[in-house]
Amino acid sequence: MMHVPAFDLKRNYESVKSEIKEALDRVLDSQKFILGDEVEKFENEIASYLKVAYAIGCGSGTDALLLSLLALDVRDGDEVITTPYTFFATASSIVRLRARPVFVDIDPLTYNIDINKIEERITSRTKAVIVVHLFGQMAPIEKLEPLLSDKGVHLIEDCAQSFGSWRKANGEIKRSGTIGTFGCFSFYPTKNLGGYGDGGLMTTDIDALAKRIRKLRAHGSLNDYIHEELGMNSRLDAIQAAILRCKLRHVDEWNKKRRIIAERYHLLFETHEITEFVKYPREMEGGYHVFNQYVIRCKKRDALIEHLNEHGVGTRIYYPLPLHLQPAFDSFGYKKGDFPEAEKLSQDCLALPMYPELMPEEQEYVVETMARFYRQ
Ligand SMILES: *Cc1c(COP(=O)(O)O)cnc(C)c1O
């Protein structure tokens with residue numbers, strides 16, 4: 001029996017170990033740990049990679065979302081439109097500021113929020129829309145952004161799962177995190193650009209908002225012990241920045257590998273003749289999917305999970321319960337049936353092993369094991 005875990009960060013570490021250790025030594029020798037030179041260099045490298053004016057590090061992806069909403073003065077009584085099918089943090093950041101999360105159902109093929117259903121949910125209270133580029137694929141926001149701009153509604157991109165993805169918009173390549181007012185990134189270890197601890201970052205092209213975010217991430221002060229407003233303690237540390245600078249040099253190559261792995265899964269489903277049981281994740285035209293997760297839709301999901309598990313294959317469910325049905329959001333009055341596409345997806349989605357170092361023979365084993373299950 002082969003063992004194919006859902007994730008294996010050790011393989012990735014092995015491939016960059018010496019660079020990382022050098023970078024860590026540099027930080028340890030400097031004894032500068034919070035923000036500082038290393039973080040500034042990282043922020044500049046990210047800004048030039050993404051071609052944005054400002055990249056501002058912070059403590060986590062969750063904080064990046066929260067800081068963005070704070071910078072837009074989202075508060076009690078406001079509404080923020082988002083998807084019910086994402087990690088909890090997307091909506092909890094809205095609720096933490098006492099605003100209402102207004103959910104819009106997803107597109108069943110790409111799993112992203114259905115862009116065409118957003119406009120009808122905008123009201124006079126709508127302050128922002130948070131679009132999540134789920135599992136590594138950008139939602140087609142190039143059409144949405146001008147529409148929101150006209151109405152004075154801000155677009156926030158949750159890019160936690162989509163570092164390096166892009167779409168062609170009007171003949172130009174636009175990376176995720178460069179279209180909205182803010183792009184919010186997470187460097188949680190399993191993200192495509194992952195650190196060795198928590199970390200996050202916001203992008204923006206707007207001078208005033210960049211300045212505000214820099215203040216908000218450090219107690220509302222620009223480092224002179226004069227506090228202009230209440231902020232947070234949410235800073236990126238130098239050790240994470242040094243690690244991320246190493247990994248940034250490889251992330252395009254790793255994303256390319258993820259795409260090859262995804263393509264190989266598709267082909268294996270065909271050669272093993274299980275396409276009537278398994279639907280693979282679709283890539284939209286004009287887009288570059290970076291497969292932070294490889295999420296299929298499948299028949300008899302829970303029995304399949306058990307079978308794979310018995311045969312040494314790790315899987316995950318992203319996500320077992322859509323956000324409108326989460327106990328923490330009870331008070332908003334959403335109920336079962338409100339977002340049928342999200343609810344259906346939570347019942348039949350399954351994430352297969354996906355990381356740049358996954359080997360063809362391991363993929364072959366995963367799909368062969370699935371085929372045996374469906375044929376028994
Ligand atoms: C990981 C993730 C976050 C939160 O990032 P953290 O760094 O873990 O706080 C937010 N949104 C989405 C879609 C995520 O996947």
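**Figure 1. The shell around the ligand.** The residues of this shell divide into 5 nonpolar, 8 polar and 2 charged. The model shown here is predicted. In total, 15 residues surround the ligand. The closest are Gly 61, Thr 62, Gln 161, Ser 186 and Lys 191. Two helices, α3 (61–71) and α4 (89–96), each supply at least two residues of the shell.

Figure 2. Taken alone, the ligand exposes 380 Å². The protein buries 92% of that area.

**Figure 3. Helix α11 and its cover.** Helix α11 runs through residues 360–375, 16 residues in total. At 1.5 Å a residue, α11 should span 22 Å. Its end C-alpha atoms are 22 Å apart, so the model agrees with that expectation. The buried residues of α11 include Tyr 365, Val 366, Val 367, Met 370, Ala 371, Phe 373 and Tyr 374. Glu 362, Gln 363 and Thr 369 are also buried. What covers these buried residues? The cover includes the helices α1 (9–30), α8 (251–271) and α9 (301–310). It also includes the strands β10 (278–279), β12 (294–298) and β13 (349–352).

**Figure 4. Helix α6 and its cover.** Helix α6 spans residues 207–216. Leu 209, Ala 210, Ile 213 and Leu 216 are among its buried residues. Arg 212 and Lys 215 are buried as well. Cover for the buried residues of α6 comes from elements including β1, α3, β8 (182–186) and β9 (200–204). Helix α3 also supplies at least two residues of the shell around the ligand.

Figure 5. Phe 42 sits in helix α2. Is this residue buried or exposed? Its relative accessible area is 0%, so Phe 42 is buried. Leaving aside residues up to four places away in sequence, Phe 42 touches Phe 187, Leu 201, Leu 236, Ala 241, Leu 244 and Arg 245. Ala 238 is 196 residues from Phe 42 along the chain. The C-alpha atoms of Phe 42 and Ala 238 are separated by 9.2 Å.

**Figure 6. Two lysines with positive phi.** Most residues other than glycine have a negative phi. Lys 51 has a positive phi, near 60°. Lys 51 lies in the loop between α2 (36–50) and β1 (54–58). Its relative accessible area is 72%, so Lys 51 is exposed. Lys 300 also has a positive phi, of about 50°. This lysine is found in the loop between β12 and α9. With 54% relative accessibility, Lys 300 counts as exposed.

**Figure 7. A cis peptide bond.** Most peptide bonds are trans. Which residues does the cis peptide bond in this view join? The bond joins Tyr 318 and Tyr 319, with omega at about 10°. Tyr 319 belongs to the loop between α9 and α10 (340–348).

Key. Residues are numbered from 1 along each chain as its sequence is written. This is a predicted model: local features need pLDDT of at least 70, side-chain atom pairs count only at pLDDT 80 or more; totals for chains, interfaces and linings use all residues. Side-chain values use heavy atoms; hydrogens and water are left out. Helices (H or I, at least four residues) and strands (E, at least two) are DSSP runs, numbered from the N terminus. The expected span of a helix is 1.5 Å times one less than its number of residues. Buried means under 20% relative accessible area, exposed over 50%, partly exposed in between (1.4 Å probe, protein chains only). Contact means heavy atoms within 4.5 Å. A residue is near a molecule or strand if one of its heavy atoms lies within 4 Å of it. Accessible areas come from the Shrake-Rupley method with a 1.4 Å probe; for residues, only the protein chains shown count as cover. Ala, Val, Leu, Ile, Met, Phe, Trp, Tyr, Cys and Pro count as nonpolar, Asp, Glu, Lys and Arg as charged, and the others, Gly among them, as polar.
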